[in-house]
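The sequence and structure come first.

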Amino acid sequence: MPSYEVSSIATVVGGHTQVLDDYQGGVRSIIRFNDEYPLETLQGIEEFSHLTVVWRFHRARPEDVQLHARSPRGDARWPATGTFVHRNHRRPNQLAISFPRLLDVDGRDLHVTDLDAVDGTPVLDLAPYFQQMGPRGPIRQPAWPGEMLAPTYWSDASERP
């Protein structure tokens, strides 16, 4: 099986300090690019409203990976589904993709909101979100992701009980 070495291009600064399942909305953070990247690598990014960010669950451990079917969040109301049907740190490469809103650009600092990564998270890749590169055609999914996420995932963090 081939392996790849990937280095972080940036780091999340501020924002969430704890790994939590819900209340991810309304938190501002900074994606701070490493000094090795010239400022011109970000030229034009301010024209976009959203980003596509690939990041690593850096607080996860290799032993957190679970290669079997299980109910999301351990909740038996939802069906047992396989490792690659979940979007969490229990995946083999412990990677995530998020689509934060870009608020401002200050040098190598991209000020964002609605990034569900925590302070110190390594960013492996970043691109502007192109609407034309999003899903084509009708989107189909079972009910459980909406039941699990819709009530509180993107609720404002200041409303956390």
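## Loop residues with positive phi

Asp114 sits in the loop between strand 6 (109–113) and strand 7; strands here are DSSP runs (E, at least two residues), and helices are runs of H or I with at least four residues, both numbered from the N terminus. The model is predicted, so local features need pLDDT of at least 70 and side-chain atom pairs count only at pLDDT 80 or more, while totals for chains, interfaces and linings use all residues. Residues are numbered from 1 along each chain as its sequence is written, and side-chain values use heavy atoms, with hydrogens and water left out.

Most residues other than glycine have a negative phi. Asp114 has a positive phi, near 65 degrees. Gln94 is also not a glycine and has a positive phi of about 50 degrees. Gln94 belongs to the loop between strand 3 and strand 4, and at 2% relative accessibility it counts as buried (buried is under 20% relative accessible area, exposed over 50%, partly exposed in between, with a 1.4 Å probe and protein chains only).

Strand 3 pairs with strand 7 (residues 122–128) in the antiparallel sense over five bridges; two strands pair if DSSP finds at least two bridges between them. Strand 3 is also joined to strand 4 (residues 95–98) by four bridges, again antiparallel. Val53 has a bridge partner in each neighbour: Leu126 in strand 7 and Ser98 in strand 4.

Ala10 has Phe33 as its bridge partner in strand 2 and stands opposite Val123 in strand 7.

## The loop between strands 1 and 2

His16 lies in the loop between strand 1 (10–13) and strand 2 (28–33). His16 is buried, with a relative accessible area of 8%. Leaving out residues up to four places away in sequence, His16 touches Tyr23, Gln24, Val27, Leu115, Asp116, Ala117, Val118 and Asp119 (contact means heavy atoms within 4.5 Å).

Leu20 is in the loop between strand 1 and strand 2 too, but is partly exposed at 35% relative accessibility. Leu20 and Val118 are 98 residues apart in sequence, with their C-alpha atoms 9.4 Å apart in space.

## Annotated range

An unreviewed UniProt entry annotates residues 6–138 as "domain: TsaA-like". UniProt positions are given in the numbering used here, feature names are shortened, and annotations may be inferred rather than shown by experiment. Over residues 6–138 the chain is 0% helix and 29% strand, and the end C-alpha atoms are 34 Å apart.
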